[in-house]
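Please read the following report alongside the sequence and the coordinates. It takes up local geometry, then the overall fold, and then the surface.

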Amino acid sequence: GQDVAGEATAYASAFRDGSMLLSSLGMPLSQNDSERVFQAVLAPLGQLLMAVVFAQLVLFATRISIIATQRHEHMALLDAGMSQLSLPADLRRRIFQYYVFQQDNLDPGIYVNLIKALPRTILVDVKLFMFKRFVEASAILQGLS
């Protein structure tokens, strides 16, 4: 009876210690075999959960980077096209303003469902509201009342 209890404690301690070392958590104190087994099982599960959370953060950062890269690539293509056409600097600036506004404020995938079912009068109001800032910032329309 005494030897079996001592062996169970030794195995539970070894299992817990190995689990803690593998997951780099150090050696927490435990009072009995059930605490040791609980700690040994919980430590790798905690590490797995942290790995999943970290992977999600990495994916999120990657998606943001991809979107920024696509935006810069689009702007570079616009600049190359305007250079080939030898457009004046003022017109280039206005074109860039339009595309920056469009990228910042318009996402066709989001608005398609909203706009397709609206009556024409409300649709006009929505479009005027959406382009209000662009019209206010437009160099060609400044000074008009």
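## Aromatic pair

Tyr99 is partly exposed, with a relative accessible area of 25%, where partly exposed lies between buried (under 20% relative accessible area) and exposed (over 50%), computed with a 1.4 Å probe and protein chains only. Tyr98 is likewise partly exposed, at 29%.

A search of the whole structure finds 1 aromatic pair. Tyr98 and Tyr99 form this pair in an edge-to-face arrangement, with 5.3 Å from centre to centre and 75° between the planes; rings of Phe, Tyr and Trp (its six-membered ring) are paired if their centres lie within 6.5 Å, and planes under 30 degrees apart count as stacked, over 60 as edge-to-face and the rest as tilted.

## Model and confidence

This is a predicted model, in which local features need pLDDT of at least 70 and side-chain atom pairs count only at pLDDT 80 or more, whereas totals for chains, interfaces and linings use all residues. Residues are numbered from 1 along each chain as its sequence is written, and side-chain values use heavy atoms, with hydrogens and water left out.

The mean pLDDT (the predictor's confidence in each residue, from 0 to 100) of the protein chain is 77, and 78% of its residues reach 70 or more. Confidence is lowest in helix H4 (residues 108-116), at a mean of 70, and highest in H2, at 84. Where pLDDT is low, the predicted coordinates should not be read in detail.

## Overall fold

The protein chain has 5 helices and 0 strands, these being DSSP runs numbered from the N terminus (H or I of at least four residues for helices, E of at least two for strands). Of the 145 residues in the protein chain, 12% are buried. Among contacts (heavy atoms within 4.5 Å) between residues at least 6 apart in sequence, 46% join residues at least 24 apart.

Ser86, in the loop between H2 and helix H3 (89-105), has a positive phi of about 55° although it is not a glycine. Ser86 counts as exposed, at 57% relative accessibility.

## Surface

The protein chain exposes about 11,200 Å², of which carbon and sulfur atoms supply 67%; accessible areas come from the Shrake-Rupley method with a 1.4 Å probe, and for residues only the protein chains shown count as cover.

Helix H2 (residues 33-84) contributes 7 residues, the largest share, to the nonpolar patch. Phe15, by contrast, is found in helix H1 (residues 2-22) and is partly exposed, with a relative accessible area of 45%.
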